[in-house]
Amino acid sequence: MSPLLFVEQSLNGLQFGVMLFMMAAGMTLMLGIMNLVNLAYGSLYMLGAYFAVTIQWWSGSFLLAAAGSLLATAAVGVLMEMSTFRHLYVRSYLDQVLCTIGLNMFLNELVRVIWGSRPLNMKLPSALAGTVALLPGLSYPILRLAIIAVGVVIAAALYALIAHTKVGIHIRAGASNRPMAAVMGINIKALFTFIFALGAALAGLAGIMAGPLLSVGINMGDSILVLTLVVIVIGGIGSVRGALIAAILVGFIDTWARMLLPSALGDTGIYLLMAGVLYLKPRGLFPETT
Amino acid sequence: MAEPILETRNLVQRFGALVAADNLSLSLEAGELHAIIGPNGAGKTTLVMQLAGELVPTAGRIFLAGEDVTNLSVSARSQKGIARSFQITSLCPEFSALENVALAVQAHRGHSFRLWGRARRDSSLFGPALELLEMVDLGSRAGIPAGLLAHGEQRQLEVAVALGCQPQVLLFDEPMAGMGREDSRRMMRLLKSLKGRYAILLIEHDMDAVFALADRITVLVSGRNIATGAPQEIANNAEVRAAYLGERGVMRA
Amino acid sequence: MISGLQLWITPRVILSAAMLIALAVLPQISSAVDNPFLIRVGMRIMILAIAASSLNLILGYGGMVSLGHAAFIGIAAYVVAILNWHVSNGEPLLSWPIVIEGSANAYVVAPVAIAVSALSALIIGFISLRTTGLYFIMITLAFAQMLYYLFIAFQKYGGEDGTQLLERLTLGSVSLNDRILLYYIALGILLSILIFIDRIVQSRFGMVLQGCRQNERRLEAVGYPTFRYKLVAFVIAGAIAGAAGTLLAVSQQFVSPADLAWPRSGELVIMLVLGGVGTLFGPVFGSAFYVVLQLVLDSWTTHWQIIFGPVFIFFVLFVKGGIVGLFKGPFWRHVPHG
């Protein structure tokens with residue numbers, strides 16, 4: 001296998017990992033801080049893609065589509081939080097699983113009703129559609145580079161948010177000790193809504209990024225959901241740092257496994273990774289202890 | 001002098017920079033009631049968790065009847081004879097009081113991989129369980145789900161469950177926590193009746209109980225054993241008084 | 001004083017008996033109204049009831065929320081299908097180190113299928129049960145998904161489209177082509193499973209299992225190495241799910257990877273909750289209700305999930321105890337989940 005191919009696949013792995021990180025960061029925050037299992041999270045990803053496709057179709061502008069989709073998805077997230085999830089914070093994990101499965105069913109079908117069953121395609125603006133020569137002999141799609149760049153920016157922004165802002169302190173306080181945080185005057189309700197909106201936006205962003213790469217179809221949320229869960233479990237629930245490392249790791253392993261191994265094993269590569277990690281560290285690589 | 005039934009040697013527990021147990025050595029003789037007291041944060045809960053097996057000590061050893069049990073799991077230690085009651089009540093709320101005790105009895109009668117037979121009609125389990133319930137004065141409440149019992153009754157049930165484990169050593173973690181005067185007196189009578197028959201390590205804040213029941217008292221401060229001795233010695237110990245003065249004023253003997 | 005017999009005959013018992021009788025006479029009703037579709041419905045209900053019962057053992061009684069249980073159904077179904085494929089295609093499954101031929105004899109394929117499911121449960125359980133709570137939910141989901149992709153990758157056996165069972169199955173020399181015969185075999189299996197689970201739950205083992213659901217820490221403190229007990233329950237549940245999967249393959253004469261995907265596992269949990277978690281007949285009521293509801297809603301609109309989703313959410317949030325919970329008996333001691 002040529003070194004150029006290796007570099008290309010590694011970049012693909014990085015790009016995939018970055019997308020997974022978007023999803024994983026949102027979900028791990030929800031899980032870690034709000035103790036919420038959200039199996040409808042994939043549908044937010046799906047909505048992000050669908051909103052983007054639709055807005056682009058109306059307006060013709062990719063930028064507008066991206067921005068609009070982010071806002072719309074975040075709004076849907078807030079709506080979901082205020083209507084359903086508020087009731088779920090105090091319930092058992094089983095109840096949360098059940099309700100979010102029901103919600104997922106509902107949203108998948110709603111999308112089918114509104115947009116139909118056929119997969120849609122997102123058009124790329126010419127700025128992103130081409131390739132660039134990274135190394136002699138290696139042309140890499142600009143889109144993928146853009147995704148990696150966006151991912152790095154988001155990771156940095158999340159780090160800054162959690163480590164250096166007042167909201168970040170609230171997040172960390174809420175994560176480690178909710179009653180204490182409430183006593184300290186942190187508005188838990190507002191914090192939760194914020195985290196939910198942030199999570200929804202991240203999922204929507206991942207959906208927007210996925211749109212041009214994969215086709216936009218129903219049930220696209222279901223498959224990414226499982227991958228997201230694998231990343232969180234490997235990284236450790238509640239840890240954004242763990243989510244980042246695990247996402248990159250999973251991105252690489254998945255891409256390399258597909259490249260190097262026969263197809264059956266390639267798909268299962270990351271699950272074997274997860275099994276291995278959990279066997280050694282049943283709470284993930286960087287568990288946030290409570 | 002007979003070997004102590006339970007012994008810790010130089011137990012250390014570190015949580016990052018925090019030292020919860022600092023070179024802690026203490027012993028429990030067969031048949032004695034040994035009380036552990038100390039201000040909040042002194043490391044009493046840490047000690048119980050180490051002895052029960054929920055925490056693996058950073059350093060040090062724990063011996064039960066001369067055998068090193070430091071690396072044994074919680075359930076293995078229970079099988080060896082360490083039984084414990086929890087500071088915050090921890091029972092099976094849907095099972096009746098009787099079933100809770102029977103479950104403990106069952107654990108110590110061979111393996112439970114029996115997928116046949118009706119456990120609830122097994123008199124070899126429920127007979128002894130009922131006796132234990134009557135010993136703690138809960139016989140009349142045998143059929144009530146544990147989650148519906150009054151707080152005091154639940155604390156008594158914890159004791160019965162611990163006894164159901166056929167223990168050599170009983171670890172009682174604040175059995176009188178959250179009890180009113182009437183319940184506390186009942187618990188004291190219960191503990192008194194157990195005294196001498198079992199080796200008991202009693203963590204308690206209630207000084208009346210401690211001084212009335214204990215054969216020996218150990219005082220923990222910041223994870224260290226600062227004094228061990230008969231109740232009168234402890235009451236007269238200057239260092240102990242100093243440690244407690246900020247917390248409780250004058251200690252009564 | 002209430003006589004012993006009166007104490008025993010509660011609304012719940014009556015309803016459960018009625019359910020069983022209805023299932024037993026369904027073939028007769030089906031031929032009376034000349035609607036062979038009813039038998040298929042009944043079969044589907046029974047297969048799902050067996051599957052849901054197996055999940056009930058570990059989830060309802062043992063407190064292990066597994067979102068990957070459909071995997072054990074699918075694995076067994078695939079074993080039956082694969083052995084069947086090798087008969088119709090004439091080549092052996094394995095030529096070295098020993099020769100394994102295909103088979104369409106239920107006496108052979110059923111035990112093999114169930115054993116493979118049980119073995120899978122042993123492996124998956126051994127790794128998964130080291131985790132608890134949330135991690136357990138997600139790791140079971142992920143394992144099932146892994147198997148889903150694995151079976152898609154088996155292009156030889158149809159890949160994503162699945163594979164048909166072309167060879168007629170027999171029970172020894174008796175052909176299983178007769179739908180009615182198959183139906184009553186399934187009913188017999190369902191009854192046996194229910195009795196079996198009831199015995200397990202009431203046994204010493206069952207008490208430990210239920211204790212694990214209520215307070216695992218307490219059980220460890222009392223001397224039970226809970227991991228072992230949970231693993232045994234997990235394997236038993238996997239085996240029973242394997243029985244369901246075997247019946248599924250035989251009755252549908254078709255298997256596909258979708259049988260293993262996590263939404264299927266989710267459906268099992270839904271059925272269990274609808275019927276009543278931790279009750280013996282809950283899975284039967286739940287699967288009957290779910291299948292019938294799906295059929296009814298489906299006839300109104302293909303988008304029945306839009307209705308079902310919110311209804312189910314409402315149900316979970318505000319209705320405790322499922323269908324069985326609506327019919328409390330004197331010895332019903334189920335404390336509502338919270």
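The structure is a predicted model, in which local features need pLDDT of at least 70 and side-chain atom pairs count only at pLDDT 80 or more, while totals for chains, interfaces and linings use all residues. Residues are numbered from 1 along each chain as its sequence is written, and chains are lettered from A and ligands numbered from 1 in the order in which they are written.

Chain A holds twelve helices and two strands, where helices (H or I, at least four residues) and strands (E, at least two) are DSSP runs numbered from the N terminus. Along the sequence these elements follow the order α-α-α-α-α-β-β-α-α-α-α-α-α-α. The radius of gyration of chain A, taken over C-alpha atoms, is 19 Å, close to the 19 Å given for 290 residues by the globule rule (2.2 Å times the number of residues to the power 0.38), so chain A is as compact as a globular protein of that length. Along the principal axes, its C-alpha atoms fill a box of roughly 60 × 50 × 35 Å. Buried residues, meaning those with 20 or more other C-beta atoms (placed from the backbone) within 10 Å of their own, make up 50% of the 290 residues in chain A. Two residues are in contact if their C-beta atoms, placed from the backbone, lie within 7 Å; among contacts in chain A between residues at least 6 apart in sequence, 76% join residues at least 24 apart.

The table sets out two helices, with the expected span taken as 1.5 Å times one less than the number of residues.

| Helix | Residues | Length | Expected span | End-to-end C-alpha distance |
|---|---|---|---|---|
| α4(C) | 70–88 | 19 residues | 27 Å | 27 Å |

Just after α4(A), Gly116(A) takes a positive phi of about 85°, and α4(C) is followed by Gly90(C), whose phi is also positive, near 70°. Of the 19 residues of α4(C), 18 are buried, so this helix is largely enclosed by the rest of the structure.

Turning to the chain pairs, two are in contact, and of these chains A and C share the most contacts. No contact joins chain A and chain B, whose closest C-alpha atoms lie 12 Å apart. The contact between chains B and C takes 31 residues from chain B and 23 residues from chain C. On the chain B side, the elements giving two or more residues are α2 (74–80) and α3 (97–107) of chain B. The residues on that side divide into 16 nonpolar, ten polar and five charged, with Ala, Val, Leu, Ile, Met, Phe, Trp, Tyr, Cys and Pro counted as nonpolar, Asp, Glu, Lys and Arg as charged, and the others, Gly among them, as polar.

Definitions and conventions: Buried ≥ 20, exposed ≤ 12 C-beta atoms within 10 Å, placed from the backbone.
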